[in-house]
Amino acid sequence: MLRQKLAENLVSAKNETERKGLLKKNNDKADIELAWHLKEICYDSWKSEPSIARKTATALKTLTNFNSDEEIEAILFLVSGISELTKGNLKKTIENLDRSAQVFKQIGKELESANTQVAKLIPLALLGKYDEAIKCGKKSLKIFERFGDELSAGKVENNLGNIVARQDGILKAEKYHLSAMRRFIKIKDYEELVMSEQNLAESYADQNNFRQAEKYFAQALKSAQKANMDFIEAEITASLGNLANFRGRYSKALRYLENARRQFETLN
C-alpha cells in the first residue's frame with residue numbers, strides 16, 4: 001500500500017483498533033514520510049472539513065506509538081495545534097505549535113520550525129495579541145527569505161497584512177499583501193494568489209474604499225478563472241454584486257448576483 005493511501009485509510013479508520021491494525025500490516029511504512037502525508041491531509045482539510053483535521057491528529061498520535069522519531073513527534077504537535085484551532089482552543093493551539101517549533105529546531109529543521117509559526121499568527125490575532133503576532137510573523141519571514149521559500153513567505157505576508165490592517169489600517173497592510181501577490185505570481189500558485197487578492201479587496205471594502213475593492217475583486221476573479229476554482233469564482237462574483245449594490249449600481253449588482261446564482265447552481 002502506498003503511503004498516501006495508507007494515510008487516507010488511517011484518517012478514515014473507525015477506531016483505534018482499526019488504525020493499529022493498518023499500521024501493523026504496513027509497519028515498514030510507519031515512518032516520517034507517512035507523518036508528512038498525514039500533515040498534508042490536515043492542511044488540505046482544516047478550513048473546509050475540520051473534522052478530518054482532528055482525525056488526522058488522532059492518526060498521528062497512533063503513529064507515534066509505532067515510531068517515536070522526534071520528527072514525527074514534531075509533526076504531531078503541529079497537526080494537534082491545527083486540530084485545537086478548529087475547536088477554538090486558541091491557547092492550546094499556541095502551546096502545541098510552540099512545542100512543534102521547539103522539537104523541529106532541536107533536530108536542526110529550522111525551516112520547518114519557522115513554518116509552524118505561520119499558523120500561530122491566527123490564534124494570536126484572535127486573542128488580540130497583534131504586536132506579538134507581527135513580531136512572530138516578521139521573524140519567520142526572515143527565515144523563509146533566507147531559505148528562498150517563496151510560498152511560505154507569501155503566506156506569512158498574507159497573514160501579516162490581515163493583522164496590520166486591523167491594527168494600523170489598510171494602507172500599511174497593503175505592502176504585505178502586494179508582496180505576497182508578487183511571490184505567488186512568481187511561483188505560479190494561483191490558489192494562494194486568489195486569497196491574497198480577496199483579502200486585499202475585502203480590507204478595502206471594510207474601509208469603504210469601493211474603487212480599490214472592486215479592482216482587487218476583479219483581479220481575484222481572473223485568477224480564480226485561471227486556476228479553475230469554480231466555487232471561489234462564484235463567491236467573488238457574488239462579492240462584486242454586493243459591492244455594486246453598496247455603491248448604488250443596481251443594474252450591475254443584479255448582473256453579478258444573477259451570474260453568481262447560476263454558477264452556484266451548476267456546482268450543486
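Me: Is arginine 183 buried or exposed?
Reply: Start with the cut-off. Buried means under 20% relative accessible area. This is a predicted model. In it, arginine 183 has 12% relative accessibility, so arginine 183 counts as buried.

Me: Which side chain meets arginine 183 in a salt bridge?
Reply: General idea first. Side chains of opposite charge can pair when their charged atoms come close. Here the partner is glutamate 150, at 2.9 Å from N to O.

Me: Why does glutamate 150 count as buried?
Reply: Use the cut-off again: under 20% is buried. Glutamate 150 has 18% relative accessibility, so glutamate 150 is buried.

Me: Which lysine forms a salt bridge with glutamate 150?
Reply: Lysine 186 does, with the closest N and O atoms 3.1 Å apart. This pair also links distant parts of the chain, with lysine 186 in helix α10 and glutamate 150 in helix α9, 36 residues apart. Now check the surface. Exposed means over 50%. Lysine 186 has 60% relative accessibility, so lysine 186 counts as exposed.

Me: Which residues of helices α12 and α14 pair across distant parts of the chain?
Reply: Glutamate 214 forms a salt bridge with lysine 252, and their closest N and O atoms are 2.8 Å apart. Glutamate 214 is in helix α12, residues 210–226, while lysine 252 is in helix α14, residues 250–267. They are 38 residues apart. Lysine 252 counts as partly exposed because its relative accessibility is 26%.

Me: Which residues do shared partners join into one network?
Reply: Salt bridges with shared partners join Glu145, Glu150, Glu157, Arg183 and Lys186. The whole structure has 18 salt bridges.

Me: Which residues gather in a patch of positive charge?
Reply: Look on the surface for Lys138, Lys142, Lys172 and Lys175. Helices α8 (130–147) and α10 (170–186) each supply at least two residues of this patch. Take lysine 142, found in helix α8. Its relative accessibility is 62%, so lysine 142 counts as exposed.

Me: How many helices and strands does the protein chain have?
Reply: There are 14 helices and 0 strands.

Me: What radius of gyration does the protein chain have?
Reply: Compare with a rule for globules. With 268 residues, a compact globule would have a radius near 18 Å; the protein chain has 21 Å, which agrees. The C-alpha trace spans about 65 × 40 × 35 Å along its principal axes. Of the 268 residues, 48% count as buried.

Note on methods:
Residues are numbered from 1 along each chain as its sequence is written. This is a predicted model: local features need pLDDT of at least 70, side-chain atom pairs count only at pLDDT 80 or more; totals for chains, interfaces and linings use all residues. Side-chain values use heavy atoms; hydrogens and water are left out. Patches are made of residues with over 30% relative accessible area and no salt bridge: like charges are joined within 9 Å, nonpolar side chains (Val, Leu, Ile, Met, Phe, Trp, Tyr) within 5 Å. Accessible areas come from the Shrake-Rupley method with a 1.4 Å probe; for residues, only the protein chains shown count as cover. A salt bridge is a side-chain nitrogen of Lys or Arg within 4 Å of a carboxyl oxygen of Asp or Glu. Lys and Arg count as positive and Asp and Glu as negative; His and the chain ends are not counted. The place of a charge is taken as NZ of Lys, CZ of Arg, CG of Asp or CD of Glu. Helices (H or I, at least four residues) and strands (E, at least two) are DSSP runs, numbered from the N terminus. Buried means under 20% relative accessible area, exposed over 50%, partly exposed in between (1.4 Å probe, protein chains only). The radius of gyration is taken over C-alpha atoms; the globule rule is 2.2 Å times the number of residues to the power 0.38.
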